Amino acid sequence: MGCLVLTITLFSVFKRIETFPPQMEDNSGTEVSIALSEIIKSLKPIQLAILRKPRLSFNSSEDKEIDDDLYNDNIEKHVNDFIYQLHKLCFKSVVFYDVELFFQYIESSIIGSIESTNLVFCKPQDLMDRIYERKLAHRLSLFIFYWGAKYPPKRSDVRFSEPLRAVVVTRPRNQAFRIYYNQAVSNNNGQLSLVSWYDGENLGLSKEPLLPLASSVYANFHGRVFRVPVFHSPPWFWVNYKNDTHDRGSQLEYDNHEDHKREESLEFQEVQVIGGRDHRLLELLAKHMDFEYVYVEAPGRTQGSLRTDNEDNETFTGGIGLLQNGLADFFLGDVSLSWERRKVVEFSFFTLADSGAFATHAPRRLNEALAILRPFKADVWPYLILTIIFSGPVFYFIIAIPFKWHAKNDINNQPQFHMAYIREITHVECRVDGNQQRKQKADAQIPKNLFDKCLWFTVHLFLKQSCKELSSSYRAKFLTIVYWIAGTYVLADVYSAQLTSLFARPAREPPINTLTKLQKAMLEDGYQLFVEKESSSLEMLENGTEIFRQLYALMKLQNPLKDGYLIESVEAGIRLIADGQGNKAVLGGRETLYFNIKQYGSKNFQLSQKLYTRYSAVAVQIGCPFLDSLNDVLMHLFEGGILDKMTTAEYEIQSRFLNKDKTYKMIPQMIDENDDLENAAEDPSNSKGETLKSSGASEVKKPQDGSTIIQPLNLRMLQGAFIVLLVGYTLAAAVLLIEIFTYGLTCNINKKCKKCINKKFKWLKNKLWLVITNLVREMVR
C-alpha cells in the first residue's frame, strides 16, 4: 500500500514538471519580472509596496503540499527578478514578508491621503477578507494580484466589490499577460473586466494609461440604482410616512444587490418624498450623472450618532450607520461635517455653508404701566433726581449769599458819629435818614421762607409750570435761564419725544441672541434648551468647549432622569415654542430654523446671531470611488450659483404653498375649490413669492405685523400716568392726615399744658397771697 502511494506521488510530481515550459528555469522569472515592471511603470505610482507571501501549507494532503512548495519556489524567483528589474527603473518601493506590517503600511498611507500601489504575490482569496475587515478597500489604494494563474478567479470564489480597487494579472501563455480591473465599468457588480494585455515578444502593453480614469468611468452610471436613506426634515426633505405600498416592494432589489451578503436578509422600508431642496438636488445629480435612486427610511429617522466612545470599534446609528455598514450609497439632508463622522464616512464638496443658531419666542411687550419710566434708562434716573433735589439749595445759596455779604459789610463800614448831637442839629434830615436806614435794613434782610420758595420754584421750573421770580439779581436770573433751558430742552422735550415714541410703538423685552444671554436666561428666567436627537448640534454641545459645555450641563439638568431635552426634529422644537407654554429655545442649523420659523410665522420667533460656521455635504462610504466625480459636479453647481438658487427657490415654493393654505383656511370663498395647490406652488411665473390670486377675486394682501402698525393712544397705554396720579393723591391724602393728626395732637397738648400752667400759677398765686397776708398780719401785731 505504501509503495502505491509513493508511486502516485512521484507520478503527480513528474506530471507537474512536464507542464512547465522548457525554458522556465532560465527565462520564466525574467519574463514575468519584465512584464510586471512594465505594468508598474505605466501606472507611475508614487510609492510601491510588495508583499511576498511566506511559505504556508494550508492543505493536509501530500500532493497539495508539493504543489504549494513548487508554487512558493516559483513566486520567490519571480519576486527576486522583479525587484531587480524594478530597481533599474528607480521606483520607491518596499518589500514586506509580514502581512500585518503590510496592512499597517497601507493604513498609514490612507490616513495621510497618499496614493499607494500594492503588488501582492499571492492569491486574492487569501487576503480579501482581511482587506475588507481592516477597511483597506479605498480609492487611494490599488491592489495588484499576481500568482501565476492562467485565468482570473471565479466570481463565486472571490468578489472585488467597491470601494476596492483590484487588478488581477494572469499569464495564459508564455510572453503573454492579461490585465483585469474591477472598476472598468460603473455598475459595481464586482466583476473583473479585461482592460489591457502585455505581449512580451514585440508589442508590449496594448494601451496607456493602463487603467481607465475614475473620473471618466463614474461620469456616467448608465442607470445604476443607488440607495439613499432619508427622513422628514424640512426644507431639505418632505417625507410622507403614511404611504406604505410601493411598486417595487419593501425589499429593494437592484443591479448590485449582491454586494453584501447580509443585505439578502434585510428589509428596508421605502418612503415617499414629495419635495425638498436636497430632493431637487438629487434629481439634478441623477439627471447629470445618469443614475436612479430609491429612498429608504433611515433607522430611527435620524442622521445618526456615535454609539460608543471606543475608538477601535466606533459605530453610528441612523443614516450614517447605513453608510458605515455599506448598506447605503449616499446620504443627504443637511448632513453636517464633524470629526466623529469623518472617521466612518466621507463627505463631498459642501452643498450648504450654514451656521449654528438658536431660536426663541419673539420679545414680548413690556408692561405699559411703567412706560413713563422708560424714556430714560435706569442709570439716568438717579442723576436726574439728584439734579432736581440739589437745584433748590443751589438756587437758595445764589440768592442768599449776597445778603450775608451786605450785612457783614454794613457792620464793618458803619461810621462812628454821635447820633444824639446830629439829631439835635438836623432834626428833620435825621428823621429822613432814619427812614432810609430802616429801608436799607429791610432790604438787607433775607426774605422770609426763602429756602422753601427756592425748592418749589425749581420744581415748578423743571415741570414746566408758571412761577414767580424770586430775585431780581443777575446771578439769580442767569441761573433761572440755565434751569429753564435744562428743563425745557433736555428734560421736557427729550422725555416727551421718547414717551410719545414708546406710546406709538410699545417697548419689548431685550432679545436673546447670544449664547451668554441664553445662559443667563436659563439660569435666571427658567428657559429650557432643546436640540434634535443624534444631530450635529447635539455633538457640538457634547464636544464643544467653554459656553457649549456649560449649556449642555444646564440642558441636562432640565430632566435628569430622561433625555427630555431631545426632540424628534427642529420642526417639533419650533412647534413647542409656537405653543407658548413656558420659555423654550431650540438649537440647530440657521437655515433649518429660518425655514421652520417662516412656516409658523416669523413675527412669533427670535433668531439668534451666527454662533459658529457649519458645512453640510453629501455623505458617502469611506473610499468611495466616485467621490471625485460627485465633487466635480457639485463644484460646478456651486460656482454657477445653482445651489443658492435652489435653496431660495425652495423657500419661495414652500412660502407660496403655506400662504395659499392659510388663505384658503381664512377666506375659503375667495379661492376656487378645484385649484391645484401643487401646480400653483410650482408655478415658475410666480417667482417672487407673491400672494396667490383666486380665479375671480382680487389679490389677497398679507396682513401687516401688529408691532409695526402705529396705534392710537388708549387707556391701557396711559395707565402709568393715572397710576402716578393715584399714587400722588394717595401720598397727598396721607400727608394731610398726618398733618391733621399732628395738629390735633399739638393743640391738645397745648391746651393741657395751659391748663396745667394756669392751675399751678393760681396755686402759686394763692400761696404767695397767703404768705404775704400772714406776714403783714404778723407785722401789724
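A: The account below begins with the sheet, passes to a helix pair and ends with aromatic rings.

The model is predicted, so local features need pLDDT of at least 70 and side-chain atom pairs count only at pLDDT 80 or more, while totals for chains, interfaces and linings use all residues. Residues are numbered from 1 along each chain as its sequence is written, and side-chain values use heavy atoms, with hydrogens and water left out.

Helices (H or I, at least four residues) and strands (E, at least two) are DSSP runs numbered from the N terminus, and two strands pair if DSSP finds at least two bridges between them. An open sheet is formed by 3 strands in the order 13-21-14, with antiparallel pairing. Strand 13 (330-331) and strand 14 (345-347) stand at the edges with a single partner strand each, so one side of each is left without a neighbour in the sheet. Strand 14 pairs with strand 21 (residues 619-621) over 3 bridges in the antiparallel sense, and Val345 stands opposite Gln621 of strand 21.

Gln621 is buried, with a relative accessible area of 17%; buried means under 20%, exposed over 50% and partly exposed in between (1.4 Å probe, protein chains only). Leaving aside residues up to four places away in sequence, Gln621 touches Leu323, Gly326, Ala328, Asp329 and Glu346, where contact means heavy atoms within 4.5 Å.

Helix 16 (residues 536-543) has Ser536, Ser537, Leu538, Glu539 and Leu541 as its buried residues. These buried residues pack against several elements, including helix 9 (339-342), strand 16 (528-532) and helix 17 (547-556). The axes of helix 16 and helix 17 come within 7 Å and cross at roughly 105 degrees; axes are lines fitted to C-alpha atoms, for helices over the stretch in contact, with angles from 0 to 180 degrees between N-to-C directions. Among the residues making the contact are Leu538 and Met540 of helix 16 and Phe548 and Arg549 of helix 17.

Rings of Phe, Tyr and Trp (its six-membered ring) pair if their centres lie within 6.5 Å, and planes under 30 degrees apart count as stacked, over 60 as edge-to-face and the rest as tilted. By this rule there are 31 aromatic pairs. In Phe96 and Phe102 the ring centres are 5.9 Å apart and the planes at 65 degrees, so the pair is edge-to-face. Ring pairs also link Tyr218, Phe221, Phe226, Phe291, Phe330 and Phe626 into a cluster.
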